[in-house]
Amino acid sequence: MARAIRLAARGLNSTQPNPRVGCVLVQGDQIVGEGWHEAAGAPHAEVHALEQAGAAAAGATCYVSLEPCNHHGRTPPCTEALIQAGVARVIAAMTDPDPRMAGQSLAQLEKAGIVTGHGLLEYQASELNRGYVRRLTAGLPYVCCKQAVSLDGRTAMASGESKWITGEAARMDVQRLRARSCAVLTGIGTVLQDDPRLDVRHVSLPHRRPLRVVMDRELRLPTEARMLTVPGRVLVFTHSDNSYKHGALKRGGAEVVMMREEGFLDGVLRYLAEREQVNEVLVEAGPTLTGALLLDGLIDELILYQAPIIMGDSARGLFHLPQLQNMQDRIELTLLESRHVGGDMRLRLAVRSQ
């Protein structure tokens with residue numbers, strides 16, 4: 001199963017909106033076939049493993065990181081392929097949260113005389129597909145907020161200057177974060193200050209490009225913004241009904257989506273999950289938007305790249321959270337991982353439920 005999960009991770013940047021899945025077929029103590037899901041619309045992991053195993057699949061044990069599919073989509077059901085191949089056992093790391101499966105696939109295999117089980121290395125498998133699971137169970141994407149900070153918790157000088165707080169290795173690591181994400185989200189303040197492209201560079205993405213998403217309540221996005229000059233979709237969320245600005249941005253290449261002012265942030269994330277099938281969102285924004293997302297309980301994880309520099313009291317802070325006045329108001333985090341990236345420290349933290 002550990003091998004199946006490692007194979008699944010090869011689809012980290014390419015399977016969206018589908019889950020990342022790996023499969024290993026074993027006869028005795030010998031692997032006879034293996035595979036992983038490479039891209040949406042491509043054959044599933046089980047199909048690759050069965051093709052590699054050929055006749056040796058009969059009587060084999062199938063270890064798969066996610067419950068096999070049992071419905072016709074862009075590809076045929078994997079349950080049928082496993083039954084026809086004559087496998088003896090199917091062990092899934094986790095059941096599929098998709099209600100079309102959700103244990104039903106394993107039940108179908110059992111009816112065909114195949115021994116099934118699930119739960120082996122379940123945490124590792126679910127962590128690999130955390131966004132897929134969150135979208136199907138909560139109707140929201142998994143939201144990760146990335147920030148580059150100084151030792152004293154500053155993200156930009158008072159003037160807005162922020163290039164560069166961290167080193168080249170940390171900036172390259174951010175490209176890998178973007179590559180695995182379905183969407184990169186920012187606020188209009190960051191666009192007006194930094195004019196970012198928010199595209200993926202130095203990482204090969206042959207099958208897709210992440211969405212670029214701008215929170216722009218008053219439609220201030222310039223039509224000459226750099227993100228509109230590079231390939232890929234740009235979604236602008238607003239509650240402004242200014243038809244002139246709507247038309248100008250659409251002609252400039254953006255897609256404008258109207259949202260209600262009430263519940264704006266939650267509404268945007270639910271739109272992305274439902275309409276765009278976004279599993280994972282990477283937030284790269286300033287303290288106002290990140291503070292609002294954090295206060296609303298919409299951030300699941302923080303990744304902080306902390307540089308060994310001090311920027312001083314007048315520099316801009318990490319989150320704008322004036323509502324927090326007392327210790328009982330504090331937002332607690334759980335440190336999941338810390339490691340060096342070049343000369344900087346990379347901290348990965350889970351946000352505890354409020």
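The legends below describe close-up views of a predicted model.

**View 1. Helices H2 and H3 pack against each other at an angle of about 20 degrees.** Two packed helices are described by the angle between their axes and the distance between the axes. Here helix H2 covers residues 45-53 and helix H3 covers residues 78-85, and their axes lie 9 Å apart. Angles under 35 degrees count as roughly parallel, and H2 and H3 are therefore roughly parallel to each other. The crossing of H2 past H3 is left-handed. On the H2 side the contact is made by Glu-46, Val-47 and Leu-50, and on the H3 side by Cys-78, Ala-81, Leu-82 and Ala-85. Sorted by class, this contact of H2 with H3 has six nonpolar residues, one charged residue and no polar ones.

**View 2. Cys-144 and Cys-145 are in no disulfide.** A disulfide is a covalent bond between the sulfur atoms of two cysteines. The structure holds zero disulfides. For Cys-144, the nearest cysteine sulfur is that of Cys-145, 7.3 Å away. A disulfide requires the two sulfur atoms to be within 2.5 Å. Cys-144 has a relative accessibility of 6% and so counts as buried. The nearest cysteine sulfur to Cys-145 is in turn that of Cys-144. Cys-145 is also buried, with a relative accessible area of 0%.

**View 3. The peptide bond from Gln-16 to Pro-17 is cis.** Omega for this bond is near 5 degrees. Pro-17 sits in the loop between helix H1 (2-8) and strand E1 (22-27).

**View 4. A cis peptide bond runs from Lys-163 to Trp-164.** Its omega is near -10 degrees. The loop that holds Trp-164 lies between strand E7 (154-156) and helix H7 (168-180).

**View 5. Asp-195 has a positive phi although it is not a glycine.** The phi value of Asp-195 is about 50 degrees. This residue is found in the loop between helix H8 (188-194) and strand E9 (211-215). Is Asp-195 buried, partly exposed or exposed? With 26% relative accessibility, Asp-195 counts as partly exposed.

**View 6. Gln-277, a residue other than glycine, has a positive phi.** Phi of Gln-277 is near 50 degrees. Gln-277 belongs to the loop between helix H10 (264-275) and strand E12 (280-283). Its relative accessibility is 39%, so Gln-277 counts as partly exposed.

Key: Residues are numbered from 1 along each chain as its sequence is written. This is a predicted model: local features need pLDDT of at least 70, side-chain atom pairs count only at pLDDT 80 or more; totals for chains, interfaces and linings use all residues. Side-chain values use heavy atoms; hydrogens and water are left out. Axes are lines fitted to C-alpha atoms, for helices over the stretch in contact, and angles run from 0 to 180 degrees between N-to-C directions. Helices (H or I, at least four residues) and strands (E, at least two) are DSSP runs, numbered from the N terminus. Angles under 35 degrees count as roughly parallel, over 145 as roughly antiparallel, 65 to 115 as roughly perpendicular and the rest as oblique. A crossing is left-handed if the near helix is turned anticlockwise from the far one by less than a right angle, and right-handed if clockwise. Contact means heavy atoms within 4.5 Å. Ala, Val, Leu, Ile, Met, Phe, Trp, Tyr, Cys and Pro count as nonpolar, Asp, Glu, Lys and Arg as charged, and the others, Gly among them, as polar. Buried means under 20% relative accessible area, exposed over 50%, partly exposed in between (1.4 Å probe, protein chains only).
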